[in-house]
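Please consult the sequence and structure shown here while reading.

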Amino acid sequence: MRVGITGANGMLGTALVSHLSKRHDIFATSRGKGMDGHNIEWDCFDLTNTVLLNQWLEGVRADMIIHCAAIINVDACEDNVEMARRLHVETTRIISNYLDANNGRLIYISTDSVFDGEKSTSYSESDLVNPLNIYAKTKLMGEKLVQSMNNGLVLRTNIIGWTQKGNTSFAEWMLKSLIDNAPLNLFHDVYFSPLTVEELSLIIEKIIHNPIFGLYHCASSDSISKYDFGKKMAEIFQLSDSNISRISVDEMNFKAKRPKNMALNSDKLSDKLKYDIPSAVDSIVRMKNQYNIRLKKNIIFQL
């Protein structure tokens, strides 16, 4: 298949390019070029430039597009509302309209932040949304556009993994702090359902070959607090956790309000794909295995 990937130089985009290029022709776009290889064609431009975006869509003529591009800095979205709207909503509108008109498929990568976090258990697809910040509000607007398509799929998720040079993910920041024994303040009252980008890439490949449409949660099979995640990471990586402090998110002065409970229930997707989704701890173990493999290959992590 001809598969377009936006945000292809990001953490998830890179994993998707690496995995899907083994079997498909990949048309990757981002502001800067990422990994190269067989079956990978790059076109780097600002996705919010509608002229260039339409030219890319017409030139690539993808059978499907995986729309990963997003402003991941939640606080930055509060200061750049128009940019968040253009990237999360307008690019999605253009891509979805093009694919609808050409019988194409769209997978839209969304977020666990569309809920207000007031629920005591994990969120299912039928729960009412109530986004608390600009990032989540604009991502939700993008979701609605995709759900109005003939062949659109929204995947709400929370991802962890290894990034490219110059970027640092939440899990990488945590691991570096553990290795350096640097102070690590982690929230005991914020819960999430982290899934590695490699696992998500495998799931997306299954969806490519066995199409599903609509709205699905795609996260770990359980949830964990940010504090317990850090403690488990220290245990699995065999590092001291003496530098970890237990704090509340209420002690922080973030520009953007954040939900405390971001736990997602992925039973609907698991049942649909007949696939056992790993737990949060399984995701940490997977990162540790990848770490060991890279060490053996003398690949340096950008921590």
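## Exposed loop residues

Asn-103 is exposed, with a relative accessible area of 64% (exposed means over 50%, buried under 20% and partly exposed in between, with a 1.4 Å probe and protein chains only). Asn-103 lies in the loop between helix H4 (81-101) and strand E5 (105-111), and its phi is near 55°, a positive value in a residue other than glycine. Helices (H or I, at least four residues) and strands (E, at least two) are DSSP runs, numbered from the N terminus.

Lys-274, at 75% relative accessibility, also counts as exposed; it is found in the loop between helix H9 (267-273) and helix H10 (280-296), with a positive phi near 50°.

## Basis of the model

This is a predicted model, in which local features need pLDDT of at least 70 and side-chain atom pairs count only at pLDDT 80 or more, while totals for chains, interfaces and linings use all residues. Residues are numbered from 1 along each chain as its sequence is written, and side-chain values use heavy atoms, with hydrogens and water left out.

## The sheet

Strand E2 (residues 25-29) runs parallel to E3 and is joined to it by 3 bridges; the bridge partner of Phe-27 in E3 is Glu-41.

Conventions. Pairing = 2+ DSSP bridges.
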